[in-house]
Amino acid sequence: MSRLAALTVLAAMLVCSLTPPAAHAVSELASLHASFSPNRLGAPTTIIFGFHLQTVEGQAPPPLTALDLRMPAGMNYTTTTLGLSICQPASLLANGVAGCPPNSRLGYGSALVEVPFGVGAGHEIPEVQAVAGPSRAGNLVVLFYANGLFPVSAQLSFAGEVLPDTGRFGSQLQTNVPLVTSVPGGPDVSIVNVQSTIGPAHLIYYKHLHGRRVAFHPRGVAIPERCPRGGFPFAASFGFQDGSATSASTTVPCPPRRR
Amino acid sequence: MVGVERDVSSHRVNRRTAFTAGLCVLAAMLASVSPATALASRTFSLNETGHLHLTSHHGFTLNEQGSALGTISGTIYIHLHVVSTNRVTAEVNIYPRGGSLTGYASASYRPSGSVASFNGTMSIGRGSGRYNRAHGSGLSFTGTIQRVSDAVTVHVNGRMSA
């Protein structure tokens with residue numbers, strides 16, 4: 001009996017020691033949304049996603065340092081022609097998206113950041129671009145480029161790596177987000193909101209055909225041919241500079257059945 | 001009675017002679033045919049290059065057809081199945097004259113710009129005709145996919161028995 005009690009106490013201690021500190025209290029709230037355009041089973045599509053971050057008090061969150069976006073199983077990368085060229089990170093940072101081949105563009109978006117001084121509703125970074133970067137260990141790499149002009153004049157490039165996933169999710173985009181200082185020597189800015197696309201919408205690629213440069217629309221990643229019960233799941237986890245973390249999930253509804 | 005015994009003995013001699021002659025003919029035949037058709041299996045190096053084009057795709061599978069050149073030549077078919085963002089499996093069928101070979105491969109898959117490459121191993125699963133005893137494993141299976149046209153170039157190298 002005393003051995004059983006000792007084992008119980010040991011097990012309880014083990015469970016407590018394995019529980020991550022961030023699980024004790026979540027100080028940030030996250031919301032995630034995702035959609036497909038078009039939303040048709042088996043069709044190449046543009047993935048539209050975005051997230052909003054804030055503290056439980058409704059304030060700007062600590063600076064974001066890590067983002068892991070998980071995408072549904074069955075997304076078909078087999079025939080996509082996105083990312084036919086590669087953009088070098090140094091060229092992207094030096095010249096912006098103009099320094100990248102047109103055929104490396106994957107999507108675009110915008111972000112809302114908050115500087116940790118003064119009072120304001122945040123400041124928009126109107127230009128966030130996604131391009132294909134050099135692969136790492138065989139994994140697809142998405143380079144994000146944000147061009148902030150005012151009040152934060154900073155151009156930053158950071159990479160997300162597409163890794164295989166398991167279960168309900170087929171792949172995940174793991175991204176380490178660099179810190180952006182608001183002013184030289186000042187505190188880092190907080191990312192409040194990001195909207196972005198990954199897909200062919202509004203993208204134009206070029207190919208050479210019989211000696212002529214011909215424009216064409218790339219083919220996107222295809223939506224799974226079957227929709228799981230409840231829709232296509234998306235999930236994201238967020239890590240912050242102060243070591244805290246939070247997560248959010250959403251689903252894209254199954255498209256209506258075609259008659 | 002004696003005469004009958006002589007006849008039986010004579011028949012035995014004739015059958016033995018015929019059997020010996022048959023063996024000689026068989027040996028001559030075996031010596032004249034290619035190694036792959038020999039009754040005893042023989043190990044040899046396979047070094048194949050295939051150039052294929054897309055014939056259809058269904059879901060995660062690209063169906064490709066083309067020609068293989070190398071140790072054995074013939075029509076080649078590959079069903080390339082993209083398992084995940086960085087892994088493919090493949091069924092490879094080669095139809096040289098007088099038989100066929102079927103192999104199964106698993107490889108890492110690395111899309112990079114307009115070309116995706118794969119690198120892995122293949123095993124010979126079965127054969128028919130001249131290659132009905134075909135077997136082998138751990139053969140190198142590498143190649144590229146042109147992402148615009150889905151044209152595939154594949155290299156298979158290694159030792160196999162047939």
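Start with chain A as a whole: among its contacts with a separation of 6 or more, 64% come from residues 24 or more positions apart. A contact here means two C-beta atoms, placed from the backbone, within 7 Å. Before you click on, note that this is a predicted model, where local features need pLDDT of at least 70, side-chain atom pairs count only at pLDDT 80 or more, and totals for chains, interfaces and linings use all residues. Residues are numbered from 1 along each chain as its sequence is written, while chains are lettered from A and ligands numbered from 1 in the order in which they are written.

Keep chain A and color by secondary structure: you get two helices and 13 strands. These are DSSP runs numbered from the N terminus (helices H or I, at least four residues; strands E, at least two). Of the 259 residues, 37% are buried, with 20 or more other C-beta atoms within 10 Å of their own.

Next, select Val131(A), Val142(A), Leu143(A), Phe238(A) and Ile78(B), which have the most contacts inside the largest nonpolar core, a set of 88 residues. Such a core links buried Ala, Val, Leu, Ile, Met, Phe, Trp, Tyr and Cys through C-beta atoms within 7 Å. Strand β6 of chain A (residues 139-148) gives the most to this core, seven residues. Zoom in on Val142(A): beyond its neighbours within four places in sequence, its contacts include Leu106(A), Gly160(A) and Leu173(A).

Now hop to chain B for a closed, antiparallel barrel of eight strands, β1 through β8 in order. Strands pair when DSSP finds at least two bridges between them. Pick β3 (residues 74-84) and β4 (residues 87-95) of chain B: nine bridges join them. Finish at His81(B), which stands opposite Thr89(B) in β4(B).

Conventions: A residue is buried if 20 or more other C-beta atoms lie within 10 Å of its own, exposed if 12 or fewer, and partly exposed in between; C-beta atoms are placed from the backbone.
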